[in-house]
Amino acid sequence: MATRKYKTSQTVDFVIVGSGAAGGIMARELSRAGHSVVLMEQGPRMAPGQFEHDELKYRQLSGITNNPVQNPQTFRNDPSKPGVREARNSLTYARVVGGSSSHFTANFWRRHPIDFHERSVLGPISGTGFADWPISYEELEPYYTKVEWEVGVSGLAGASPFDPPRSKAYPMPPLPVKSSGVLFERGARKIGLHPFPAPMAITSVPYKGRAACVQCGLCNGFGCEVMAKSSSVWTMIPEAEATGRCEVRPESYVFRVGMNAKGRATGVHYFDAAKQEQFQKAKAVVVCANGSETPRLLLNSATNAFPQGLANSSGIVGKYLMFNQGGGAQALFEHPLNEYKGVAVTRILHDFYDVDPKRGYYGGGGLDARAAAPLGWGQNVPSGVPRWGDGFKDYLEAYTRSMSVSGHSTSLALETNRVDLDPQLKDAWGVPAMRVTYKDHPDDLKFAAFLRDRAVEILDAAGAKMIEAGDVNEKRNSVHLLGTCRMGDAPKSSVIDKYHRTHDVRNLFLCDGSSLVTSGRGQPTMTIEALAFRAGEHIAKFARANEI
């Protein structure tokens, strides 16, 4: 099928910035609704066979992610200090068609009803921007189901006693359990916990023309050559293109939203593959660039009418950046586990999902069983282990007997945690680079330590011969980029309304991790995609009613 091509001089109905988890869905929904769409992506479009399982290249040398040489950032943990450029970017995301859905681990947890109204239940938390969402779980549930069936998620409905209500079972059965899952389940049940099969955006059986997972063992941080991972590049984007109304425009780096004197978006300015500036005209703009690039784009799009940045009358564009804290432990067992095979995660538990006031601090989350990839094992040597000689050799050879239990937890919204523009540093295109300010709230660190201790208990109950409890440190980097253009009813305290329209610009919409009001308990992509299906439906309705 020939791919649709639009001229930059043509005014398309929608230009969408970012082709990841949300952008791919938005392109499909709006093109299926009859609209002309140009989907912009910073990076190249890669065929399945072009993705590699090269750990050094992908994990250390920015194989498909934002490169700190071309896409530099600065970081600080104190807003009174200047940002410092570091060798590794603080905020990481994939720069390919499909965005970070191309290299995600594919954990697809639904949020629970409490996630959307915790502020009302728990009350305020001093010094934070802790707030309720303007929507409920019940409103979002049909779209969670849509993600599972349209994008493709494997799992077992009702397997957890803590599962939120659902209207439909998963379309695919769970993936085969790994050694880590068996041991995790054994240890967790021994101490009275309730593990269950992990819901994963990976095919366990052939689904919608895609093959079942071949258990290659390298999901986290890598693309999927067999298209078993339910990335937007294999799922939503081809369906958008099949309408004949959607053009995917790779290697197109959007750096400013165009505005006219009437306060309406007119399209986007971008650099093409040759670094030549172009302008694509559009009736409306939908930004799905992720929780770091979306606020950066708005701040870079400042005008006389919006001197603080586009859609920023509230002054909070870029603020309330959230990651997800963690806490965990790794262990060695007597016999080989061979965790280098299979998907990353096959068992999880949510016994500690809710906040327990008895602990005296905020925080909730889940635990899962997984293992480091071989290079990661060799590079992250525990303290006390020799870096050379027989001791180091013994450590390396123990890899096949290793596994870990990882925590996934909350990050409170702090106004001082933010993405803004560095006053001096520019990227390879001459655009102001992002400056990241981040410091964990003490409650997030306390709960991460709580999960770490539970991980140790589970591994001990499972019969581990050696357990190394992980350190709980202030986070300096993340792939979960959340909360920087939060959703809300009040224009003074939010950037977009509950339909993802910016309060300030009627034909400008934002939908990605930046929309989130609270961090959730890790694994945000499922919620981002549910929000995208919901937003796409409403934006299409607005367009039909001539309300854009």
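1. Strands E8 and E9 form a hairpin with five residues between them, and Lys275 in the turn has a positive phi of about 65 degrees. Helices (H or I, at least four residues) and strands (E, at least two) are DSSP runs, numbered from the N terminus. E8 and strand E9 (residues 277–287) pair in the antiparallel sense over five bridges; two strands pair if DSSP finds at least two bridges between them. Tyr270 has Gln278 in E9 as its bridge partner.

2. This is a predicted model, in which local features need pLDDT of at least 70 and side-chain atom pairs count only at pLDDT 80 or more, while totals for chains, interfaces and linings use all residues. Residues are numbered from 1 along each chain as its sequence is written, and side-chain values use heavy atoms, with hydrogens and water left out.

3. E8 also pairs with E7, in the antiparallel sense and over six bridges. Met259 stands opposite Ala265 in E8. The hairpin of E7 and E8 has five residues between the strands, and Gly263 there takes a positive phi near 80 degrees. Strand E8 (residues 265–271) is mostly covered, with six of its seven residues buried. Buried means under 20% relative accessible area, exposed over 50% and partly exposed in between (1.4 Å probe, protein chains only).

4. Two residues deserve a look for their backbone angles. Most residues other than glycine have a negative phi. Glu251 is not a glycine, yet has a positive phi of about 50 degrees. Glu251 is in the loop between strand E6 (246–249) and strand E7 (253–259), and is partly exposed at 41% relative accessibility. Met227, also not a glycine, has a positive phi of about 65 degrees. Met227 belongs to the loop between E5 and helix H6 (236–241) and is partly exposed, with a relative accessible area of 28%.

5. Six strands make up an open sheet in the order E5-E11-E12-E13-E10-E16, with antiparallel pairing. Strand E5 (196–197) and strand E16 (466–469) are at the edges, each with a single partner strand, so one side of each has no neighbour in the sheet. E5 and E11 run antiparallel and are joined by two bridges; Phe196 has Ile348 in E11 as its bridge partner.

6. An open sheet of four strands has mixed pairing and the order E4-E3-E15-E14. Here strand E4 (84–85) and strand E14 (418–426) stand at the edges with a single partner strand each, so one side of each is left without a neighbour in the sheet. Strand E3 (residues 73–76) and E4 run antiparallel and are joined by two bridges. The bridge partner of Phe75 is Val84 in E4.

7. Helix H5 (residues 179–190) has 12 residues, which at 1.5 Å a residue should span 16 Å; its end C-alpha atoms are 17 Å apart, which agrees. The expected span is 1.5 Å times one less than the number of residues. Ser180, Gly181, Leu183, Phe184, Gly187 and Ala188 of H5 are buried. Seen down the axis, the buried residues of H5 fall within an arc of 165 degrees, so they line one face of the helix; the arc is that of the directions from the helix axis to the C-beta atoms. Their cover includes E11, E12, strand E13 (402–409) and H10, where contact means heavy atoms within 4.5 Å. Gly192, with a positive phi near 85 degrees, follows H5.

8. The structure holds 16 aromatic pairs. Rings of Phe, Tyr and Trp (its six-membered ring) pair if their centres lie within 6.5 Å; planes under 30 degrees apart count as stacked, over 60 as edge-to-face and the rest as tilted. The rings of Phe130 and Tyr362 have centres 5.3 Å apart and planes at 65 degrees, so this pair is edge-to-face. The pair ties together parts that are 232 residues apart in sequence. Phe130 is buried at 8%, and Tyr362 is buried at 6%.

9. The rings of Phe323 and Tyr438, with centres 3.8 Å apart and planes at 15 degrees, are stacked. This pair joins parts 115 residues apart in sequence. Phe323 is buried at 0% relative accessibility, and Tyr438 is buried at 1%.
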